[in-house]
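Please read this note with the model open beside you, and turn the view to each place as it is named.

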Amino acid sequence: MLEEKPRQSKSNRDGADPIGAVLVVGGGIAGMQASLDLADQGFRVYLVEKESAIGGKMAQLDKTFPTNDCAMCTISPKLVETGRHPNIEILTNSEVLDLNGEVGDFSVRVRRQPRYVDVDKCVACNDCADVCPVVIPDAFNEGLSLRRAIAKRYPQAFPNAYAIEKRGIAACRDACPAGQRAQGYIALIREGRWQDAMRVIKMDNPFPGICGRICNHRCETACNRGLVDEPINIRALKRFVTDKVYAEPRPQVETAEQRFDERVAIIGAGPCGLTAAQDLVREGYGVSVFEAMPVAGGMLRLGVPEYRLPTYIIEREVQDIIDLGVDLKLNTRVDDLDDLFVQGYDAVLIAVGAHEGVRLPIPGADLEGVLVNTHFLRDVRLGKYQNGGPKIQELGQRVLVLGGGNVAIDCARSAVRLGREVHLACLESREEMPAHEWEVQAAEAEGVHVHPKRAFEEILGDGSGHVSGMLCSLVSSFSFDEQGGLHLEKAPQSEHTISCDTVIFSIGQRAGLAFIPDDAGVGVTGKQTIAVNPNTLAATRPGVFAAGDSVSGTAFVIEAVDSGHTAARSIIRYLRGEHLEPAPKPDLPVVKLTQEEIDARMARGEIHLQPRVPLPELPVHERIHSFSEVEGGYDDESAQHEAARCLACGVCSECMSCVFACGVKAIDHDMVARDENLQVGAVVLAPGYQAYHAELSEEYGFGRYPNVVTSLQFERLLSASGPTRGHVERPSDGEKPARVAFLQCIGSRDQNHDYCSAVCCMYATKEALIAKEHDPDLDVQVFMMDMRAFSKGYQAYFQRARERYGIGYTRCRISALWEEPNSHDLLVQYQDESGQRRLERFDLVVLSVGMEISEGVKRLGKRLGVELDEYGFCHTVQFNPLETSRAGIYAVGPFREPKDIPESVAEGSAAAAAAAARLQAARFTLTREVTYPAERDVSGEEPRVGVFVCHCGSNIGGYLDVPQVTEYAQSLPNVVHAESNLYTCSQDSIRHISEQIEALGLNRVVVSSCTPLTHQPLFQDSLRAAGLNPYLFEMANIRNQCSWVHSDDWQAATRKAKDLVRMAVARAARLAPQHTVDVPVQNTALVVGGGAAGMSAALSLAEQGFPVHLVEKENELGGNLRFIRTSLPRTGLGLDAGARAPAKVLRQLREDVLSSTKIQLHLESEIVASRGFMGNFTSTLRRADGSREEIPHGATILATGGEEYRGPEYSFGEDPQVVTQQQFEALLEDIPGEIRSVAMILCVGPAEKYCSRICCSVALKNALALKERQPDAQVTILYKDIRTYGFKERLYEQARRRGVVFMRYDDDHLPQLTRHEPLALEAWDPSLKRKLALEPDFLVLSMPVVPTAQSRQLAGHFKAAVDDQGFFLEAHVKLRPVDFASDGIFMAGSAHYPKLLDETLVQAQSAAARAARVLSRQNLQAGGRVAVVDPQRCTACLTCVRICPFSVPKISSSVTGAGGVMGAAVIEAAVCQGCGLCAGECPARAIQLMHYTDEQMYAKVGALITPDTIPVRVSLGD
Amino acid sequence: MSPDASNNGSQIVAYCCEHCAYAAADLAGGLRLRYPPAIKIVQLPCTGKLDELMVLQALESGVDAIMVAG
C-alpha cells in the first residue's frame, strides 16, 4: 500500500536515452541544494555522504553573516526536506569507489560502510549512548567536548539515527586468543560499572578470575599505550573486576533450558572442556563432563600453585558453569571412547589436557626421589606435602628442578614454600629461558638458584637407590630438529655435579591418550597429540572432536578457552548437520597506532604521559613461608586511574552495552561494508572543504597552547548547542575571556597557499560580533591584512562591527605568539598602524583557518578522473564554470574555489540545471511516488480521538508516569482509545496506529511523544495509510518540552504531560480535513534581460526543454558583456589564454539564442505589467512600436543587469584623461601611443557605501594587461582594501611581482586631483606618513556597478523586492540566493549584485534550475495550511496586501465584499505560504488560517485551564 | 481550580514560531536545560499569526502570563 512506485516504468527508456538519475557526492548545503532541485524536477537522486548524517560544515556553524541568522534554524528545514524527499536516496557512511561510462550512462560503484545501526529501526532515543563506555573527542564540536562511540552526529541530524564509530579491532583484543574485549571492560571499569565490565569479560571467557591472575596477557604486549609509556595493566584490571564482583553474594545461576535431544560427552573438566560445556549447555544441548580427578578445573586446579591462583576462585568459576546444568562426573576416568557412543552420546569432545609429565631417558631417572612436575604440583595442590601430609617425607631438603619453563618455575617456587633449598637447571641460557622473565625474577627473589645452560647427563644415586646429585655439562649451543630431536654441543670437560636429594623433571607434558583404542578411528600425532582439522577441531572420526592441550600440547589457559569455544561451535554445527567449516567473519582491521599518530595526539593534548599504576605485592619474606597469593589487586581508585590510561584505539570496543540497552533491536555489530552499483546519467561533486590544520603552523601554538582555538572551534563555543552551551570559555580553565584576538589568513595567502579563502574576514567579524553580543565588555581585536567584505551587505556589516560594536581591526599579519605558562594567557607582538611595536596579552586567540581540499577528496577526484589543481581544487572551464574535465561531471562549492554558502547553494542549483539539460529526455522515468488508499469521508462523524502515549524507552517513561497519563487521556472527552507504546515511532508501532484507526474507527489521532518538527510527517503517514486525512492529527510534545526539561520532578512532569495531552485532544477534536487541489502549471518561462545572465538562463531553460520568452529592451543582445574585452585569468598567470574570450562567449551565446527553437526573442521590448502567481503568470510586453502582447508563463527570471556608475568624482566627464575601468579596458585594446604611467583609484563614488565586489579584480586585470603590453609603464593603485577573494588573489600577487605600486588610502585622506593637463594627483602614504605627488597619463577610476533604473520599476511590476541600493533582494541571503520572496520569480546577474562573468553564468544557470523546478511540474498543489478569506467580512482595507511578505493577497474588484460592496481580498492558495500573518492582522477577522483556526487555537489554549468537558459534535467536511 | 496545582498553580502559555523558538525549545530539551513546568508551549506557524484576541482569550480563561517567542 505504501510502496513507492515509479511514475513511469523504466522500460520507457530505450538504449539511446540517458538515465534519469543523478549522483550527488557530498551532503553539505551545496549537495543538498543540487539534490532537491534535481529531485523536484523529476530526476532520481543518489546523495552520497561520507559522514553518518548530512548537513556538512554549515550545520556546525552558530550564526551566518551578514544577517546573524541561526545557521541551524535555516539549514534544518533543508535537512528534513532532503531527507524525506521520495526521490532522494541518501547513502550515508558511503564513498564513491569508481565510475565508468559516459555522460547519460555512468555506472558508479559506491562503498557503503557499515553504520552498525539499522536506520529504519533506530528511534534515536539515546539509550545506547547512555550506556556506551567509550569516550572520544567529538568531531562535530571540533574536539572541544567528548562523545560516545555510538552517537548521532548532532541533535538535528538527518538521518535521525545513531551510528557506531569503529576503527577496527583493538590491538589487545586481536592479541588475545579468546578475543577478549579488553578495551570495552577497561572503559567500563573507568566508569565504575563493575558488573557490566564482568559481563563483557564473560561473553568470551568463563574464567575471568583465573585469567586475571595467571594469564600470560599477550594483550599487554600488543597494547598501543606501550608506544606512549607503558601498556595498560589489563590482566590486573580483569582481576580487579572479578574481585569486586566475587566480593558480592553469588547470584543464583539460572539453569539453561535443554532444547535439543542431542547429548555431548566431554572428557576432561579443565578450562577447555568446561568452556565447551558452557557453550553447548547454553545453546540447549545436554552435556556430561567426565573427569578422572576428584576435583574439576584440570590443570588450573591441579597444576597451578595456590600462591598464584587461589582455589576459591577456581571453584567459583567452575561452579558457575556446572550450575547452568552440566552433568559433571568426577572420579570418572573414561577408559574406552567407543563406550561413550554406546551410551548414546551424539558427539564426544576430548579435552584431557596434557597431564603426563615426561622423564628424560637418562641414567638414574628411576631413582627414588626423582619426581615429575605434574604429579608434584598436583600433590602439592591436593595438600599431600604440607603440614604433615602423606608425602612430606618424600621431598628432600635440596630440590633440583630440571627445566626452564613456567611449570618448572611453579615447581621451584612451590618447593621454596615447602621450606626446601631449591635449584633449577635448564638447557637454555638465563636470557632464553622459556618461562616469563617476571616469573624467573620472582623465583630468584624467593631464593631459587638458577643454573642455566646445563645438559643433564645422569642422576647420581647414593648407593641406596636414592638421588644424591645431578651430573651436568655446560651447553655451548643447542637446537631442535623438525622431529623435535635435540642437538647439543657441550663445552669440553665441563662435567660437574649439582648435589641434591630430590630431582623434579619439568621438561614437558603430554596428553594421556591410553583410553583411545587403536581401532577407534581417532588419529594421534607423533607428538602424542590428537590429529584434528585446525579450523573445526574435528578428529579423524566423525562426531569426535578434540581441543585444548591434548591437541596443541601445553599452552595457556586463554588458549584452552578459545579452543573450547571453537570446539563447541563445531559440535553445534555437527549436531545440526551443517557444514563443519565456520563461515568467514567480517574482517575488521587491527588498529596499530603509529608513532606519528601517537605524537600527533600528544601534540593536540589528547594524551599525556602517565605510567602504569603499580600493583601491591606480598613481600618476599612473607611469601616464601606460605602459599598465600603473592600479587595483590587494585583498589577502586587505582583501577579507574589505570583504566583511564586506555587510548580506546578501536573506538567501539564491541562491549555490546548498546545491544543490551536498545529497545528496538536496531544495533547489529556484524554489519559489513558492501559495494553497490548505481546507474546515473550525470554526477554532481559537492565534497566541500576541510579547514586548514592549524597545528601545522607551529608558530601559533595550536594544540600546545590550550587557549589557542580555531575559528570553527570558536563557532562551536558560541553555539547554544555547543560544548559550553554558548558561553565562551577558555579551554584551559573555563574562565570567561576578557580579551580575544582573531588572527586572520591562517592557511590562506601564505607561502603554501596562494589563494584567499574568501570567507574568513567575514566569519571572524561575525564571530567577534556575536561574542560581543554575548558579553558586551569583551575586548576583541582582529589582526588582518585586508578586510575582504566584498559581497552584498558585507561592508555595512563590517562597519557595524567596527563602529557599533567597537571591534578593533589592525592591519598586521602576526608572525608568532607565545604563551605565558602559568596563566595560559597569550602574548601577541605586532606593529600598530602608527608603526609602534606593541606587545599585548590576550585570554584567548582565535585562528581564522582557511579552506583546503582534503586528501580523501583529492583521491576521489583521481578515481573519478577529473582534473584537479596542485591544491586539489577542481579545474572547471571558465565559461562553463561548473563542468569538470570529464563531461557529465559537475563540481560545485568550495571544491572549485573557496567560497561562501550562497555561492555554493547557487552552484548546487546551477549544476542541477546543467545535469537536467543533459538528461531532460529522461525526466520522470525513474522517480517514485508514494501511493495511499482513498481517503475515508469522516464528515458527520463525531470526533473519535485515539491517543498514543510514548515511553520513548526511558526518555519519557523514566521521568514521568506514562501509564497515568494514558489513563488520564482515556478519561478526556472525545477520546475513545488511549494506549502507551514503548516507542511510538518504531515501524511496528506506526503500523499499529494504522490498524487501530481502522479497527476502532478513529477519526482523530493524538500522539504524545516528541517533537512534531521531526516526527509529525511520520505519524501523518500512518493516518494516510489508514485512509484518514493527515490533518486530523495533533501532537503533544511531552519529551523535548516536558520529560527532558523537568527530569528532576516526576510529579510536575506528569501533571504537565497531562496538561499537554488535554490541550492536544481539545484541538484535535476540532481539526478538519484539509485537501489540496491541483493547479495546472504553464511550462513557459519569461526571462527579462538579454545580457550574459539572461541569455544563459534562457538557454539553460531551453536545453531543459522549456519554451522561453527572452525580452531585451535594446535592439541587440549582449548587455555588459559587450564591454568586457579580456577575461579574468583563473590563475592570474598568462593573460593570453583568456584574451578575447568574452567576445567568443558573447558570440556563442548570441548564436545559440538565435538558433534555439525554444526561445522566442523580443528585442526592443519591455515588460510593463504582470499579474498572476507561480505557475500562472501573465505579463504584458510592450514593443518599440507601442504594440502590446500578453505572455502567459509559469516562472520568471529577472536579469536586467547593472551598469557602471558614471559620476562627477575626480572631474570625470570633464577631463578626457580621467576614465573608468570599463573605458580603460576598451582603451587597452588599442593603446594610443605610449603610456608612461597610470594611476588607479579604487572605491570611487557610491563604492564608499558598499563594496562593488568586482572592481579590485578588474583593476588588477587591467593593470596587468597594461604591464603585458608596456612592461615599463608605471601603475599605481590607490586602494582601501584589495579584495581579491578566492583565486583572484593570484592577480594581486602577480601585480605586485610585476611592479605595480599599491598605496593605501582611507576616508580621512582621499587622493586629490590637483591639476589637469597634465594630470597631477596628491595622495597620502600612510606608511611613509607623507604626501606623494603622482603625474599619471591616465587616471583610471574604479566606478562601482549600480543597478539600472529599470530594475526597480520591473520589480514593482512583479511585486518583487529590491534593497536600499536598488539591487534585487533575494528571499534568503544564504539559502535562497536566486529566489525572490515571491514564488516563481528568480534573479540572475548584476541586477542582484555586481559579479564577475563566471559568477554571472553560474547564477543564471542557478535561476534556470529554480525556474525549472516549477516548470517541470504539471500541477502545483494548492491548499492545506493556507489562509482563506471570507469575502462577506472583507472590507478590502489592504492590511493583508501590505503585510504579506510574499505579496500573495490581492484585491479583486470582481469579488463582492462586506456589505455587498465590490472588492475583496483574494488569497491564491497555490502560493500562500501559510504563515498566517494576514489572519493575525485582519481587523475584520475575515481571514482564517486553515488548520490554525481561531476555534482550534482557542480550544487548545482554553483547555489548559478549563478542561474541555463537553464532547465536540461537529459535522465535518462542509 | 486549575487542574495543575504545581508552580503555585500558575500557568504560562508560550506562543512559539515553529521555525525558531519552537525548535529552540526542542533543543533546550535535548540539552536537558531546565525551566519551570508552568510553561506550556503552543506552536504557531509564525508568531506573526498571533493576534490580540489569542492573548486576551488566554488571559481571560485564567492563564497567568503569556510569552511570545519567534
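Leaving aside its neighbours within four places in sequence, which residues is Leu1101(A) in contact with?

1. The model is a predicted one, which should be kept in mind throughout. Once neighbours within four places in sequence are left aside, Leu1101(A) is in contact with Ala1085(A), Val1087(A), Phe1106(A), Val1108(A), Ile1197(A), Ala1408(A), Ala1411(A), Ala1412(A) and Leu1415(A). Leu1101(A) belongs to the largest nonpolar core, which has 142 residues, and it is listed with Ile150(A), Val947(A), Ile1197(A), Ile1487(A) and Tyr15(B) as the members that touch the most other members. Helix H39 of chain A, residues 1397-1415, gives the most to this core, namely 9 residues. Another core, of 101 residues, lies apart from it and includes Phe714(A), Ala771(A), Leu778(A) and Ile901(A).

2. The next point concerns a sheet in chain A. Its 5 strands form an open sheet with parallel pairing, in the order E52-E51-E50-E56-E67. The edges are formed by strand E52 (1159-1162) and strand E67 (1385-1387) of chain A, each of which pairs on one side only. Neighbouring strands of this sheet are turned against each other by 20° on average, with direction ignored. Within the sheet, strand E50 (residues 1085-1088) and strand E56 (residues 1195-1198) of chain A are joined in the parallel sense over 4 bridges, and Val1088(A) has Leu1198(A) in E56(A) as its bridge partner. As background, strands of a sheet pair through backbone hydrogen bonds, in either a parallel or an antiparallel way.

3. Which helix lies across E50, E51, E52 and E56 of chain A? It is helix H33 of chain A, made of residues 1092-1103, and it runs at about 170° to E51(A), the strand of residues 1108-1111.

4. For a contrast in pairing, look at strand E63 (residues 1320-1325) and strand E64 (residues 1330-1334) of chain A, which pair in the antiparallel sense over 5 bridges. In this pair Ala1323(A) stands opposite Leu1332(A) in E64(A). The two strands form a hairpin with 4 residues between them, and Lys1329(A) takes a positive phi near 55° there.

5. Aromatic rings deserve a separate look, for the structure holds 27 aromatic pairs over all chains. In one of them, Phe1019(A) and Phe1033(A) have ring centres 6.0 Å apart and planes at 35°, so the pair is tilted. This pair links distant parts of the chain, with Phe1019(A) in helix H30 (residues 1012-1025) of chain A and Phe1033(A) in strand E48 (residues 1033-1037) of chain A, 14 residues apart.

6. Another pair is that of Tyr1250(A) and Phe1367(A), whose ring centres lie 5.8 Å apart with planes at 80°, so the pair is edge-to-face. Tyr1250(A) lies in the loop between strand E59 (1237-1241) and helix H36 (1255-1269) of chain A, while Phe1367(A) lies in the loop between helix H38 (1349-1357) and E67 of chain A, so the pair ties together parts that are 117 residues apart in sequence. Both Tyr1250(A) and Phe1367(A) are buried. Elsewhere, ring pairs link Phe65(A), Phe790(A), Tyr794(A) and Tyr1285(A) into a cluster.

7. Charged groups are also found over rings. Arg1290(A) lies over the face of Phe1287(A), 4.2 Å from the ring centre. The charged end of Arg32(B) sits over the ring of Trp1044(A), at 4.1 Å from its centre.

8. Finally, the chains may be described one by one. Chain A has 42 helices and 72 strands, and its C-alpha trace spans about 140 × 90 × 65 Å along its principal axes. Of the 1518 residues in chain A, 60% are buried, and 72% of the contacts with a separation of 6 or more come from residues 24 or more positions apart. Chain B has 2 helices and 3 strands, which run β-α-β-α-β from the N terminus on. Of the 70 residues in chain B, 53% are buried, and residues 24 or more positions apart account for 75% of its contacts with a separation of 6 or more.

Note on methods: Residues numbered from 1 in each chain as written. Chains lettered and ligands numbered in written order. Predicted model: local features only at pLDDT ≥ 70, side-chain atom pairs only at ≥ 80, totals over all residues. Heavy atoms only, no water. Pairing = 2+ DSSP bridges. Axes fitted to C-alpha atoms, helices over the stretch in contact; angles between N-to-C directions. Contact = heavy atoms within 4.5 Å. Phe/Tyr/Trp six-rings, centres within 6.5 Å; stacked < 30°, edge-to-face > 60°. Buried < 20%, exposed > 50% of the residue type's maximum accessible area, 1.4 Å probe, protein only. Lys NZ or Arg CZ within 6 Å of the ring centre and 35° of its normal. Core = buried A, V, L, I, M, F, W, Y, C linked by side-chain atoms within 4.5 Å.
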